[in-house]
Amino acid sequence: GKEKVGSGRVFIWSRTLPLLKSRMIYGSGPDTFSLEFPQYDHIGKLKTFHNTEIIVDKPHNMYLQIAVNTGIISLVVFVIGLFIYLLDGIVAYRGLEKVSVEAFLWLGILAYHATAMFNDSLVSVAPIAWICFGISSGIIYSNREEEKSLNTKEID
C-alpha cells in the first residue's frame, strides 16, 4: 500500500530486492536491470504510476543497481572503497582552522554518494563526479605522503 511513496521508488525497490537472491555473486550483467525487473506486475504499475505500459529501466538507487547488475560482492567492495575514502578524508581534513577547497570537493563527493540512495548514476553527472573523486583521492593521498616525508625528515 506504500507503492507511491518516493515517486514510485518504494514500488521499484520492493520488486528489486527479491532479484538479489538469485544474482548475489555475479549479478545479471551491466545495464540489464530493465530485463530483470518484473515488468509483468501490471497491477503494481497501475496502482503506482496509473499506467501499465511504463518500462522500469532503473531502480532509482545506485547501490541497488550495482547489486543487481554486478552482484553483492561488487557492491560490498564498492561500499568498502567509499568507506575508506570517507575515513581518509576525515583524517586529512580534521582540525582545519579554515575549510579548504579540497575539503569542499571531498564533501561534494560524499554528497553525491549520499544522494545515490535515491537517484541513479546519470551519464550527464557521473563522469564529473568520478573525475572529482579521483582528484580528491589524489589530493588526500599526496597530502598524506607529504606528511610522511616531513615526519621522517624531523626524525633525522
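This is a predicted model: local features need pLDDT of at least 70, side-chain atom pairs count only at pLDDT 80 or more; totals for chains, interfaces and linings use all residues.

**Charged pairs**

I started at aspartate 41, which is buried at a relative accessible area of 17% (buried means under 20%, exposed over 50%, partly exposed in between, with a 1.4 Å probe and protein chains only). Residues are numbered from 1 along each chain as its sequence is written, and side-chain values use heavy atoms, with hydrogens and water left out.

What does arginine 15 form with aspartate 41? I found a salt bridge, with the closest N and O atoms 2.7 Å apart (the rule is a side-chain nitrogen of Lys or Arg within 4 Å of a carboxyl oxygen of Asp or Glu). This pair links distant parts of the chain: arginine 15 sits in helix α1 (residues 9–16) and aspartate 41 in the loop between α2 (33–36) and α3 (42–49), 26 residues apart. Helices here are DSSP runs of H or I with at least four residues, strands are runs of E with at least two, and both are numbered from the N terminus.

I then searched the whole structure and got four salt bridges. Another of them joins aspartate 88 and arginine 144 at 3.3 Å, N to O. That one also links distant parts of the chain, with aspartate 88 in helix α5 and arginine 144 in helix α7, 56 residues apart. Aspartate 88 counts as partly exposed at 24% relative accessibility, and arginine 144 does too, at 34%.

I also noted aspartate 57 with lysine 58, whose closest N and O atoms are 3.9 Å apart in a salt bridge. Aspartate 57 is partly exposed at 42%, and lysine 58 is partly exposed at 28%.

**Aromatic rings**

Next I counted aromatic pairs and got nine. Rings of Phe, Tyr and Trp (its six-membered ring) pair if their centres lie within 6.5 Å; planes under 30 degrees apart are stacked, over 60 edge-to-face, and the rest tilted. Tryptophan 13 and phenylalanine 118 have ring centres 6.0 Å apart and planes at 40 degrees, so I logged the pair as tilted. Tryptophan 13 is in helix α1 and phenylalanine 118 in the loop between α6 (101–115) and α7, 105 residues apart. Phenylalanine 118 is partly exposed at 47%.

Tyrosine 85 and phenylalanine 133 are tilted as well, because their planes are at 45 degrees, with centres 4.6 Å apart. Tyrosine 85 is in helix α5 and phenylalanine 133 in helix α7, so the pair ties together parts 48 residues apart in sequence. Is tyrosine 85 buried or exposed? It is buried, at 4%, and phenylalanine 133 counts as buried at 19%. Both rings belong to a cluster that ring pairs build from Tyr63, Phe78, Tyr85, Trp130 and Phe133.

**The largest pocket**

Last, I looked at the lining of the largest pocket, which has 13 residues, with Val91, Ala92, Asn143, Arg144 and Glu147 nearest its centre. (On a 1 Å grid over the protein atoms alone, where a 1.4 Å probe fits, a pocket is an open set of points with protein on both sides within 12 Å along at least five of seven lines; lining residues have an atom within 4 Å of a point.) Helices α5 (72–93) and α7 (126–155) each supply at least two lining residues, and α7 gives the most, with five.
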